[in-house]
Amino acid sequence: ETLQQKLKELDESIRSFDALANREGILRQELSLAQQVQRNLLPKSFPLVEGFRFAATFRPALEIGGDFYDLQTLPDGRIGIIVADATGHGIQAALSTALLKFAFATTIDSGKPITEIAAAMSDILLKGLPENIYVAGLLAILDTESCKVQIVNAGLPHPILIRTQGQGIERVPVNGLFMGV
């Protein structure tokens, strides 16, 4: 009787294990889909502008996360750039990047000053993000004709300017609050 009881417990354990393995498989499929969605939010190519070269590498700490970047050519030929990181890791941070992309895409070509664009993005994020999620980001508008860039820094470490032809490297002292605060 004890052996039969142990066999019954073993069968129940195997069924429980199979159910967990099945759930894990479903979660892995969903995580893989979330990875694809997040990668699709990132630009597939960069603007081709004589005298400039754009490059990026995307490697989240976990399978997915809150890291995000985008570049958009504006109607006047300037280029809008964002590099950002939503607080936290995993699915919640990754979902925040979809709202971030929307905020960037709907405000960057408004023709407003960059500080107003950053404020408008922050308002969108404030309304759409959960209370415990914020975005650290750098927003820039690059004028490729004058070679000037306007920057708003919202909580990232200071950007570094690397000048060509041996002119040096310098830290750009711009500070600001997180977006969505």
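Me: Is R78 buried, partly exposed or exposed?

Reply: The model is a predicted one. Burial is read from the relative accessible area: under 20% is buried and over 50% is exposed, with partly exposed in between. R78 has a value of 21%, so it is partly exposed. This residue lies in the loop between β1 and β2. Apart from residues up to four places away in sequence, R78 touches Q72, T73, I141, L142, D143 and Q150.

Me: How far apart are R78 and E12 in sequence and in space?

Reply: They are separated by 66 residues in sequence, and their C-alpha atoms are 64 Å apart in space.

Me: In what order do the strands of the sheet lie, and in which sense do they pair?

Reply: Strands of a sheet pair through backbone hydrogen bonds, either parallel or antiparallel. Here 4 strands form an open sheet in the order β1-β2-β3-β4, with antiparallel pairing. β1 (65-73) and β4 (148-154) are the edge strands; each has a single partner, so one side of each lacks a neighbour in the sheet. On average, neighbouring strands are turned by 10° against each other, direction ignored.

Me: Which strands does helix α2 touch, and which does α3 lie across?

Reply: Helix α2 (residues 90-107) packs on the sheet and touches β1, β2 and β3 (135-143); its direction makes about 15° with that of β1. Helix α3 (residues 114-128) lies across β2, β3 and β4, and runs at about 150° to β3.

Me: Is T97 buried or exposed, and what does it touch?

Reply: T97 is found in helix α2. Its relative accessibility is 0%, so T97 counts as buried. Leaving aside neighbours within four places in sequence, T97 is in contact with Q38, L41, G65, G66, D67 and F68.

Me: At what angle do α2 and α3 cross, and what is the hand of the crossing?

Reply: Their axes come within 9 Å and cross at roughly 145°. The crossing is right-handed. Among the residues that meet there are L99, L100 and F102 in α2, and I117, A120 and M121 in α3. By class, this contact has 10 nonpolar, 3 polar and no charged residues.

Me: Is S122 buried or exposed, and which residues does it touch?

Reply: S122 is found in helix α3. Its relative accessible area is 13%, so S122 is buried. Not counting residues up to four places away in sequence, S122 touches F178, M179, G180 and V181.

Me: How many residues are in the largest nonpolar core, and which of them touch the most other members?

Reply: In soluble globular proteins, nonpolar side chains tend to be buried together. The largest nonpolar core has 27 residues, of which I82, L100, I108, M121, V135, L139 and M179 touch the most other members. At least two residues of this core come from each of β1, β2, α2, α3, β3 and β4. α3 gives the most, with 5 residues. Leaving aside neighbours within four places in sequence, the contacts of V135 include A84, L100, L125, F178 and M179. There is also a second, separate core of 7 residues, including F54, L71, L138 and A140.

Definitions and conventions. Residues numbered from 1 in each chain as written. Predicted model: local features only at pLDDT ≥ 70, side-chain atom pairs only at ≥ 80, totals over all residues. Heavy atoms only, no water. Pairing = 2+ DSSP bridges. Axes fitted to C-alpha atoms, helices over the stretch in contact; angles between N-to-C directions. Contact = heavy atoms within 4.5 Å. Left-handed = near helix turned anticlockwise from the far one by under 90°. Nonpolar A, V, L, I, M, F, W, Y, C, P; charged D, E, K, R; others polar. Core = buried A, V, L, I, M, F, W, Y, C linked by side-chain atoms within 4.5 Å. Buried < 20%, exposed > 50% of the residue type's maximum accessible area, 1.4 Å probe, protein only.
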